[in-house]
Amino acid sequence: MGAHDLLLVAGEASGDLHGARLLSELKSLVPDLEAFGMGGAELRAAGLDAVADSREIAVVGLTEALRILPRAKQIFRQLLAECERRKPATAILIDSPEFNLRLAKQLKARGIKVIYYISPQVWAWRRGRVKAIARVVDLMLVVFPFEVDFYRGHDVAVEHVGHPLVDEVPVLPQAWDRGAPAGGEPFRITLLPGSRRSEVEALLPSMLGAARLLVDRLPAIFTLVQAPTIADEQVENALATAGVEVRRIRERRFEEIANSHLVLCASGTATLEVGLLGTPLIVAYRLNPLTYRMAKWLVRLPHFSLVNLVLGRGVVPELLQEGANAEGLAAAAEGLLRDPARIAVMRTGLAELRPRLGASGASRRAAEQVAGVLLRNGRAA
């Protein structure tokens with residue numbers, strides 16, 4: 001117990017994946033490492049001793065968070081109890097700020113070094129939280145280069161390690177490299193409604209409604225990529241009443257996206273995956289009305305999709321709240337697919353994304369930073 005016991009907490013699908021890559025690299029640097037905490041299937045496969053499953057608290061929005069609050073409190077107590085038992089010297093917290101920043105405060109009070117991997121987007125909204133971060137986080141590992149100056153300006157120790165998606169998303173042949181469909185062949189349109197139940201509830205009906213409208217306007221076929229965190233029943237119920245034929249897949253999503261002419265995509269990490277593959281996309285998001293009113297008051301950014309934020313301009317269309325309805329999505333999709341010049345401009349912009357996200361090896365660089373802290377703590381012990 002102690003110096004090379006590590007608490008690792010990831011609260012959603014992307015954090016689970018990035019955490020698993022980090023843990024695998026870290027074990028090669030610190031062979032006697034024992035990691036425990038909260039994660040999903042990816043982290044468990046990488047060797048995490050899971051106290052809780054991250055899917056239980058992976059929601060978006062205020063009212064959605066209230067529904068899972070009792071279970072989140074229970075998990076919070078379980079993690080702290082396990083820390084009391086195993087006494088780790090170091091913790092890695094991945095994204096999920098509503099849960100993890102509260103946890104960081106408790107860990108700091110127990111003398112545990114806190115490393116935060118993949119920054120909360122405090123530079124986008126609720127900037128006041130950076131003061132709390134400065135008090136409870138010993139090292140912030142960020143994936144976007146513009147985050148470094150923000151944290152240094154608020155006296156937070158920070159290192160830019162690059163984005164792990166640069167390694168995770170391959171370079172694949174792209175549908176548009178073969179040109180637009182000819183001779184009545186259909187456009188291939190992929191639906192990515194999100195990895196959280198609340199996201200899928202909010203977005204999938206609108207995406208399916210858009211598909212139903214589009215089949216009457218242009219030749220098109222549709223594929224739904226189901227995230228592993230989403231239950232079959234939720235998707236099957238939506239497809240049963242869709243009124244349009246939609247193929248469903250769970251694997252080989254990168255190949256499917258690359259072979260698509262357009263993706264309708266929930267805002268989040270998935271937008272970066274689609275952008276790195278070079279596939280044109282439309283980003284959509286819908287929040288509970290109360291959550292949206294709060295966010296609108298607090299957010300001071302010209303864009304909400306990560307693709308546009310990283311590129312610094314509106315390369316891909318963004319549809320928010322009521323604008324992300326079936327007609328809005330269908331109109332935006334039809335407008336793009338009927339305009340090869342707009343597609344070409346978008347693809348040129350997306351080609352800038354990979355170099356903007358940094359060099360390959362992000363997970364290894366993050367692991368080296370963590371290993372340095374672990375080994376220093378071990379020597380101190």
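Predicted model: local features only at pLDDT ≥ 70, side-chain atom pairs only at ≥ 80, totals over all residues.
Although D155 is not a glycine, its phi is positive, at about 60°.

R252 belongs to the loop between β10 (246-249) and α10 (253-258), and its relative accessible area of 60% makes it an exposed residue. Its backbone has a positive phi, near 55°, in a residue other than glycine.

Helix α4 covers residues 97-109, which is 13 residues, and reaches 18 Å from its first C-alpha to its last, close to the 18 Å expected at 1.5 Å a residue. Within α4, the buried residues include P97, F99, N100 and L101, and L103, A104 and L107 of the helix are buried as well. In general, an α-helix has 3.6 residues a turn, so residues three or four places apart point the same way. After α4 comes G111, whose phi is positive, near 80°.

**Close-up of the packing of helices α8 and α9.** Two packed helices are described by the angle between their axes and the distance between the axes. For helix α8 (residues 197-214) and helix α9 (residues 232-240), the angle is about 20° and the axes lie 10 Å apart. The two helices α8 and α9 are therefore roughly parallel to each other, because angles under 35 degrees are placed in that class. The crossing of α8 and α9 is right-handed. On the α8 side the contact is formed by R197, V200, E201, L204 and L208, and on the α9 side by Q234, A238 and L239.

S363 is part of helix α17, which spans residues 362-380. With a relative accessible area of 8%, S363 is buried, because the buried class takes in values under 20%. When residues up to four places away in sequence are not counted, S363 touches R21, L22, E25, Y117 and P164.

**Close-up of R347 and its contacts.** R347 lies in helix α15 (residues 340-350) and counts as partly exposed, at 24% relative accessibility. Its neighbours within four places in sequence left aside, R347 is in contact with Q174, W176, D177, G278 and P280. For one of these pairs, R347 and P280, the C-alpha atoms are separated by 6.5 Å, whereas the two residues are 67 residues apart along the chain.

**Overview of the chain for orientation among the close-up views.** The secondary structure of the chain comes to 17 helices and 13 strands, and of its 381 residues 54% count as buried. Among the contacts in the chain with a separation of 6 or more, 67% are accounted for by residues 24 or more positions apart.

Technical notes:
Residues numbered from 1 in each chain as written. Heavy atoms only, no water. Axes fitted to C-alpha atoms, helices over the stretch in contact; angles between N-to-C directions. Helix = DSSP H or I, 4+ residues; strand = E, 2+ residues; numbered from the N terminus. Parallel < 35°, antiparallel > 145°, perpendicular 65-115°, else oblique. Left-handed = near helix turned anticlockwise from the far one by under 90°. Contact = heavy atoms within 4.5 Å. Buried < 20%, exposed > 50% of the residue type's maximum accessible area, 1.4 Å probe, protein only. Expected span 1.5 Å × (residues − 1).
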